[in-house]
Amino acid sequence: MEAKSIITKPSVANGSRPGLHEITGIAWSGHGKIKRVDVSVDDGKSWQEAQLQEPILTRRSPAFRLPWHWTDSPR
């Protein structure tokens, strides 16, 4: 399995509004440890490296976080 990830927060569906947020999620892979998670908030035009939560183990899905200032209104 290639590396995969999911964003767990924030969610527009849960009433999030523009402002300062923390993007959080988890990542996993069938090829060993996750070494890095990149997050895009603009449909892949640019990417930012998220911080991985320690410890990063071979058979554990690490959590990640990235501070994000949301300036757009919900679609």
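What follows is a short walk through the strands, the core and the charged pairs.

First, a caveat: this is a predicted model. Of the protein's 75 residues, 24% count as buried. The exposed surface comes to about 5,700 Å², and carbon and sulfur atoms supply 49% of that. As for contacts between residues at least 6 apart in sequence, 50% join residues at least 24 apart.

**The sheet**

Four of the strands form an open sheet in the order E1-E2-E6-E5, and the pairing is antiparallel. At the edges sit E1 (4–9) and E5 (51–52), each pairing on one side only. E5 is joined to its antiparallel partner E6 by two bridges, and here Leu52 stands opposite Phe64.

**The core**

Leu52 and Phe64 turn up again in the largest nonpolar core, a group of 12 residues. Other members include Ile23, Ala27, Val37, Ala50, Trp68 and Trp70. Strands E2 (19–28) and E6 (63–70) each supply at least two residues of this core, and E6 gives the most, with four. In soluble globular proteins, nonpolar side chains tend to be buried together.

Val37 is a handy spot for seeing who meets whom. Leaving aside residues up to four places away in sequence, Val37 touches Ala27, Gln48, Glu49, Ala50, Leu52 and Phe64.

**The charged pairs**

Which salt bridges does a search of the whole structure find? There are three, and here they are:

| Salt bridge | N to O distance |
|---|---|
| Arg65 and Glu22 | 2.8 Å |
| Asp38 and Arg36 | 2.9 Å |
| Arg36 and Glu49 | 3.7 Å |

Arg36, Asp38 and Glu49 are linked in a network of salt bridges. Arg36 lies in the loop between E2 and E3 (38–39), while Glu49 is in E4 (residues 48–49), so this pair ties together parts that are 13 residues apart in sequence. Asp38 is partly exposed at 33% relative accessibility, and Glu49 is also partly exposed, with a relative accessible area of 46%.

Key:
Residues are numbered from 1 along each chain as its sequence is written. This is a predicted model: local features need pLDDT of at least 70, side-chain atom pairs count only at pLDDT 80 or more; totals for chains, interfaces and linings use all residues. Side-chain values use heavy atoms; hydrogens and water are left out. A nonpolar core is a set of buried Ala, Val, Leu, Ile, Met, Phe, Trp, Tyr and Cys residues joined through side-chain atoms within 4.5 Å. Buried means under 20% relative accessible area, exposed over 50%, partly exposed in between (1.4 Å probe, protein chains only). Contact means heavy atoms within 4.5 Å. Accessible areas come from the Shrake-Rupley method with a 1.4 Å probe; for residues, only the protein chains shown count as cover. Two strands pair if DSSP finds at least two bridges between them. A salt bridge is a side-chain nitrogen of Lys or Arg within 4 Å of a carboxyl oxygen of Asp or Glu.
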